[in-house]
Structure formats: structure tokens, C-alpha cells
Amino acid sequence: MKLIPAVFFQKKVDGIEAAAKTPERLELFESELREVVGGALRAAGGAVRAVPTGGPDGAGGLTTYSGSAGWADVMQADDCTA
Amino acid sequence: MNPRIGIFTYGDDPHGHLIKKKVEEQHGAWCCLIPCDELALRGKLTWSTQSGDPALLPTVDGQTVDVKTLDALWYRRMSPKQILPDGADATYHQHINATVERVVEGILANEFQGRWVSHPVATRLAENKLVQLRAAARAGLRIPATLISQDPARIRSFCSQHPGAIIKPVATPRGVELARTAVVSQELLDSDDVLALTPAIYQECIPGERHLRISVFGERCDAALIEAKALDWRFDLNVPFRPYPLDGHLEQGLRGTLHELRLVMGIFDVKLTDEGEPVFLEVNSQGQFLFVEGLCGIPLADQFAAFLVDQVLQPVSSRQNVDIW
């Protein structure tokens with residue numbers, strides 16, 4: 001299968017690297033954010049769908065976001081419309 | 001006047017929910033979150049030619065909002081894919097996606113008269129790396145020598161002129177594996193079939209280990225200095241992050257870039273050379289910023305909420321709303 005040039009490095013040279021651990025202060029910040037807006041999110045999600053659990057949300061937590069890796073997610077694609 | 005602010009983003013977007021809460025609690029404004037990926041699921045999208053009728057979008061709390069009544073709209077995310085209700089025939093998913101997207105576009109274009117943060121057309125255009133590189137250069141920022149191509153001969157020629165050149169993707173759709181910025185290897189340069197499969201960004205490598213992530217909300221610029229050996233610091237955040245004061249010239253260049261792109265906010269990635277010269281790498285018109293607050297304490301959520309409320313006081317310029325639809 002042909003690779004696209006931008007991932008060639010990852011696949012051919014590096015292979016699959018283990019993800020770096022989330023810094024402790026970012027984990028703490030994320031847990032504080034959960035306290036601040038967690039209720040609103042649960043209420044919003046609960047109205048229309050079950051909140052998926054156990055996903056890789058970047059903080060070892062319980063909620064998976066659509067395409068997002070966490071509450072203070074730097075890895076989410078930045079594009080608005082992509 | 002009690003400002004009425006809309007946030008257009010994914011229903012489960014933490015940035016959106018946090019800013020909504022701050023806008024309400026810190027500024028007493030009315031705020032709703034319009035879940036761009038749940039519009040088909042929640043229903044109630046409505047528009048008509050009758051001038052007195054509302055133009056309705058569903059909100060995350062199960063209500064609707066008349067777009068005509070909003071003073072400002074944070075256009076943070078637009079989903080190309082709708083979540084379907086249980087039992088919906090997947091055969092029609094693309095039809096539903098396209099229909100919802102078109103109806104929302106029409107409602108916003110026809111009926112929203114407030115202040116965009118930022119305008120959808122400007123946002124989409126500004127996500128184009130080719131366009132933003134030119135805009136940054138016009139604004140007086142240094143940009144790296146760049147080639148975007150799928151022509152193996154041109155790519156090899158560029159990389160021979162710029163030893164240590166790097167490669168990065170032109171676009172990263174949501175939900176796909178992120179490609180990290182990397183040095184172009186000889187193995188890649190020898191692989192014509194890979195090089196030719198799709199264009200990528202080939203760029204002069206800016207030496208140095210000091211990176212800036214700069215949030216520009218209106219006139220305000222807040223920078224975090226990231227000290228990382230890695231070309232792409234996003235994959236390991238266990239590196240020093242700290243607030244970094246910017247000089248006036250760089251701030252002017254950043255604001256000038258936003259002006260060129262007709263944006264009112266942007267999250268910039270800039271690298272400092274070993275001599276301290278800032279080099280523009282890219283601007284994300286709706287970039288992530290909460291992690292920066294978590295890592296170095298700049299109160300960006302508070303600042304963004306204040307910026308959003310302040311937008312209501314700004315004049316809706318004809319340039320923002322008329323020229324680009």
C-alpha cells in the first residue's frame with residue numbers, strides 16, 4: 001500500500017512510538033476542567049446519546065470526544081472545517 | 001443590553017463548554033452552544049422566506065436559537081459529518097451531511113447580522129497553508145522557504161538547496177492519524193511513488209529549540225515559550241512552557257497577518273532562530289489554546305471569554321459580513 005509523504009517518516013523510520021505521558025500539571029488542569037464543566041457536558045450528551053466510556057481521552061478519564069484526545073487537547077486537528 | 005452569544009462547535013467540545021460557562025458567569029451574557037455535529041440528530045433546523053419567521057438552529061440544551069437574535073457567533077468548528085439517530089439508514093448519510101451543511105450555511109449567510117469570530121469563509125480560506133504563508137509575508141513576518149509539490153524532481157531539487165528540509169502535511173482532517181513534522185529522509189526522496197501520491201509541504205528547517213504558541217484574540221497577544229529539541233513539540237509536552245513577552249514588531253506582524261486573512265483571532269506557531277529572530281510557521285484560525293493555560297498558567301479562557309463579549313460592542317463592519325460571502 002502506498003503511503004502519503006507526510007507519514008512516511010513515522011511508518012518507515014520511527015515505526016509506532018509510544019505516546020509521551022501527559023504532564024502532571026496538565027492532568028491536574030484537565031481534572032479541574034472536568035469539575036467546572038463536567039455537569040454541563042453530561043447534561044448535553046445525555047440528552048441525545050450515551051456518553052462513550054473508556055476511550056483515550058489523554059487523561060485516563062472516562063469520556064471520549066469525537067476526534068479529540070482530551071479536555072485540553074493539543075493533538076486535535078486545529079482546523080475548523082477539516 | 002444583555003449580549004447574546006452563540007458558540008458553533010462540536011456538542012462535546014470542552015473549549016466550547018468552558019467558554020460558555022465563563023461568558024455566562026463572569027459577564028452575565030446569554031450564551032448557547034450549537035452542536036455542529038448533532039444538528040441532524042437534534043432536529044428543528046428551520047428557515048423560511050417570511051420576514052417575521054425565526055431562523056432556528058438547535059442548541060445543546062435541547063432548545064433552539066433564532067440566529068437573528070445573536071450579537072456574536074464564535075464559529076469554532078463545522079462538522080462535515082452528522083451523528084445520525086438510531087435506525088437512520090446509513091445509505092443517506094452523505095445526503096444528510098450535505099443537506100445540513102447547506103441549510104446551516106444559508107441560515108447563517110442570510111440571517112446572522114452580528115459579529116463573527118471569525119467569518120466562516122475567512123476561516124476556511126485561512127486554513128490553507130499556502131494562503132497563510134503569503135499573508136504572513138505580506139504582514140512583514142519572516143517565513144521559511146517553502147515548496148508544496150508532488151513532483152519528485154522539484155522536491156529533490158528543493159531539498160538539495162535546503163539541507164535538512166522538513167516535511168509536513170498540507171491538511172489534517174479530523175479523526176485521522178496526525179503526521180508529525182519530520183526531516184525529509186533520503187529514503188523518502190528516493191521513493192517517487194510516495195512523493196507523487198499527494199502534495200506535501202517541504203520547508204527550510206529553522207534551527208533552534210525555542211518555539212512560541214501565540215494566542216491572538218483581537219488586539220491582545222499572549223505567547224508561551226516552549227523549549228523543545230523536537231521539531232514538533234506537540235507529541236511530548238513534558239518540556240518547559242512559560243509565558244513569553246513579545247516585542248511590538250512581532251505583535252504587529254501577527255495582527256497584520258490576521259488582518260490580511262480577515263480573521264479576528266488566531267493561534268500562531270512561531271519558531272525563534274538561535275539568534276532570536278521569529279519565523280512564522282503557521283496560524284490556526286480556530287486553534288486549541290486551553291492546554292497552554294494548563295501548562296503555563298496564562299488565563300486564556302478568561303481572556304477569550306472577555307474578548308468574545310467585547311465583540312458585541314464592536315461595529316459589524318461591512319468588510320466582515322458582505323465582501324466574502
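A nonpolar core is a set of buried Ala, Val, Leu, Ile, Met, Phe, Trp, Tyr and Cys residues joined through C-beta atoms within 7 Å.

**View 1. The largest nonpolar core of this predicted model has 79 residues.** The structure shown is a prediction. Inside this core, B:Leu73, B:Val117 and B:Leu308 have the most contacts. Helix H11 of chain B, residues 300–311, supplies the largest share, 7 residues. The core lies between domain 1 (4–113) and domain 2 (119–144 + 207–296) of chain B, because both give residues to it. Leaving aside residues up to four places away in sequence, B:Leu73 touches B:Gly6, B:Phe8, B:Phe112, B:Gly114, B:Trp116 and B:Val117.

**View 2. A second, separate core has 16 residues.** Its members include A:Phe8 of chain A. From chain B, they include B:Phe158, B:Ala179 and B:Ile201.

**View 3. Chain B is assigned three domains: domain 1 (4–113), domain 2 (119–144 + 207–296) and domain 3 (145–203).** Domain 2 is written in two segments, 119–144 and 207–296. Taken over C-alpha atoms, the centres of domain 1 and domain 3 of chain B are 37 Å apart. The mean pLDDT of chain B is 92. At least 70 is reached by 95% of its residues.

**View 4. Four strands of chain B form an open sheet in the order S7-S10-S8-S9.** The pairing is antiparallel. Strand S7 (146–149) and strand S9 (182–183) of chain B are the edges, and each pairs on one side only. Helix H6 of chain B, residues 152–161, packs on the sheet. Helix H6 touches S7 and strand S10 (200–203) of chain B. The direction of H6 makes about 165 degrees with that of S7(B). Strand S8 of chain B, residues 166–168, is joined to S9(B) by 2 bridges, and the two run antiparallel. B:Ile167 stands opposite B:Ala182 of S9(B).

**View 5. Strands S11 (residues 210–217) and S12 (residues 220–227) of chain B pair over 8 bridges.** Their sense is antiparallel. B:Val216 faces its opposite number, B:Cys221, in S12(B). The hairpin of S11(B) and S12(B) has 2 residues between the strands. There, B:Gly218 takes a positive phi near 65 degrees. S12(B) is also joined to strand S13 of chain B, residues 241–244, by 4 bridges. That pair runs antiparallel too. The bridge partner of B:Ala223 is B:Tyr244 in S13(B). In a regular strand, side chains alternate between the two faces of the sheet.

**View 6. A cis peptide bond leads from B:Val117 to B:Ser118.** Omega is near -15 degrees. B:Ser118 sits in the loop between strand S6 (115–117) and helix H4 (120–126) of chain B. B:Val117 is also among the residues with the most contacts inside the largest core.

**View 7. B:Lys44 has a positive phi, near 80 degrees, although it is not a glycine.** The residue is found in the loop between helix H2 (39–42) and strand S3 (56–58) of chain B. B:Lys44 is partly exposed, because 13 other C-beta atoms lie within 10 Å. A residue counts as exposed at 12 or fewer and as buried at 20 or more.

**View 8. B:Arg262 also has a positive phi in a residue other than glycine, near 60 degrees.** B:Arg262 lies in the loop between helix H9 (248–261) and strand S14 (265–272) of chain B. B:Arg262 counts as buried, because it has 21 C-beta neighbours inside 10 Å.

**View 9. Chain A has 2 helices and 0 strands.** Of its 82 residues, 35% count as buried. Among contacts in chain A with a separation of 6 or more, 38% come from residues 24 or more positions apart. The mean pLDDT of chain A is 58, and 30% of its residues reach 70 or more. Over residues 46–69 of chain A, pLDDT stays under 50. For that stretch the model has 40 contacts beyond four places in sequence. Where pLDDT is low, the predicted coordinates should not be read in detail. The model as a whole scores ipTM 0.78 and pTM 0.88.

Technical notes:
Residues numbered from 1 in each chain as written. Chains lettered and ligands numbered in written order. Domains from an automatic or database assignment. pLDDT = per-residue confidence, 0-100. Contact = placed C-beta atoms within 7 Å. Pairing = 2+ DSSP bridges. Axes fitted to C-alpha atoms, helices over the stretch in contact; angles between N-to-C directions.
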